[in-house]
Amino acid sequence: MPAHHDSLETRTPAEREAALLAALPGLIAHARAHSSAWAERLADVDPASVTSRAALARLPVLRKHDLMQRQLAARQAGGDPFGGLATIGWRGLVHARGARRVFQSPGPIYEPEGQGNDYWRSARALTAAGFEPGDLIHNAFSYHLTPGAWIMEAGAQAIGCTVFPGGVGNTEQQLAAILDLQPVGYTGTPSFLRILVEKAEAAGVALPIRKALVSGEAFPPSLRDWLAERGIAAYQAYATADVGLIAYETPAREGLVVDEGVIVEIVRPGTDDPVPDGEVGEVVVTVLNPDYPLIRFGTGDLSAVLPGPCPTGRTNTRIRGWLGRADQTTKIKGMFVHPSQVAEVLRRHPEARRARLVVTGRMADDRMALRVETDTPSEHLQQALQASLREVTKLGGQVELLAPGSLPNDGKVIEDARTYD
């Protein structure tokens, strides 16, 4: 099988960074000129000034909830169903170029697909998973409403594969088609692949599938090994309906390599601020797609940067994979407390480095404690933090001062440790 999809994967990190940052000013200028939402959100931004990671980090993060609310408001007003975030539409809705497809994801959120080969960039992940020209792929992602199946199909066709559109459900019928057509590859969720394997084993037949690219849900090592024992080498792709491919697994099995068409940042949950490499935070993606230029889009997923290059020779940044969700909003004594409020408390006290709000107690007896790392513990700092905590959250809580490095590196800003028995 080919070692790499193209030469972009083996660029020096400096070459890649220069190319990505060189593309930012044009992307931002295009977004402001052709989409009302970006014209509003970036009204005070000079596109020519956004030529570094630090400059990018000063732009606001667009989170999925904000995207959904913007789309909803626009639709209710009889306007653009994409909420003014896309530069393409149909019937001249937004721009002269037309969307090829429109998808609906839960929310509902609507995503456009423009013209182009391998539009969602999944071919790179398929190549890393061992797919080759001439392979027949059984695509078990849904072709209904959401873009999942189309994301995989576009990449498969770009590398010369043939696709059987299995979709979801109808397990017996799909299994019969697999036995008739003998596809060597599978794309879909890992859980459905397991169901197909178990159904085949129960029927006393063997699946012809030998390679798989899975996505859409967690893919634990135990399931990966279970499939490998049955002759199926399965790799995972990290993709979303809004962005397309973000990162993908390689035969090294050491984290996920970031795609060449996106800029990935890891930010502290509840803030827009990047964290040091290795620290767990929210995945924020800037997509170099002029049709749907999501700039600093917060996925809500937690991950962390892995040090060093991939042993396969791919030189792009690696991330650890999915480590949970960043939205840790918690209701305490009937009031919602958000990670952004914990971040606000920290902002008021430069001596405080990292913090975690821990909620304990039983039902109707909530207690919260803010655990704060600092180099300079003092009673004055403790009291000041308690006052800020009460002012920001409108709730009383204790403050515990800790030495730097005491808190776990798991991305949690709010930990709900209550019991409900």
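Which residue is the bridge partner of Leu-62 in E13? The close-up views below come from a predicted model, and the first view gives the answer.

**View 1. Strand E1 pairs with strand E13 in the parallel sense.** The bridge partner of Leu-62 is Phe-297, in E13. Two bridges join E1 to E13, which spans residues 297–303. Strands of a sheet pair through backbone hydrogen bonds, and the pairing is either parallel or antiparallel.

**View 2. Four strands make up an open sheet.** Their order is E1-E13-E12-E11, and the pairing is mixed. The edges are taken by E1 (62–63) and E11 (262–267). Each of these two has a single partner strand, so one side of each has no neighbour in the sheet.

**View 3. Helix H10 crosses helix H11.** Two packed helices are described by the angle between their axes and the distance between the axes. The axes of H10 (residues 339–347) and H11 (residues 379–393) come within 9 Å and cross at roughly 140°. H10 is therefore oblique to H11. The crossing of the two helices is right-handed. On the H10 side, Gln-341, Glu-344 and Val-345 make the contact. On the H11 side, the contact is made by Leu-385, Ser-388, Leu-389, Val-392 and Thr-393. Sorted by class, the contact of H10 with H11 has four nonpolar, three polar and one charged residues.

**View 4. Thr-12 lies in the segment before helix H1.** Helix H1 covers residues 13–34. Thr-12 has a relative accessible area of 39%, so Thr-12 is partly exposed. Thr-12 and His-34 are 22 residues apart along the chain, and their C-alpha atoms are separated by 33 Å.

Methods. Residues are numbered from 1 along each chain as its sequence is written. This is a predicted model: local features need pLDDT of at least 70, side-chain atom pairs count only at pLDDT 80 or more; totals for chains, interfaces and linings use all residues. Side-chain values use heavy atoms; hydrogens and water are left out. Axes are lines fitted to C-alpha atoms, for helices over the stretch in contact, and angles run from 0 to 180 degrees between N-to-C directions. Angles under 35 degrees count as roughly parallel, over 145 as roughly antiparallel, 65 to 115 as roughly perpendicular and the rest as oblique. A crossing is left-handed if the near helix is turned anticlockwise from the far one by less than a right angle, and right-handed if clockwise. Contact means heavy atoms within 4.5 Å. Ala, Val, Leu, Ile, Met, Phe, Trp, Tyr, Cys and Pro count as nonpolar, Asp, Glu, Lys and Arg as charged, and the others, Gly among them, as polar. Two strands pair if DSSP finds at least two bridges between them. Buried means under 20% relative accessible area, exposed over 50%, partly exposed in between (1.4 Å probe, protein chains only).
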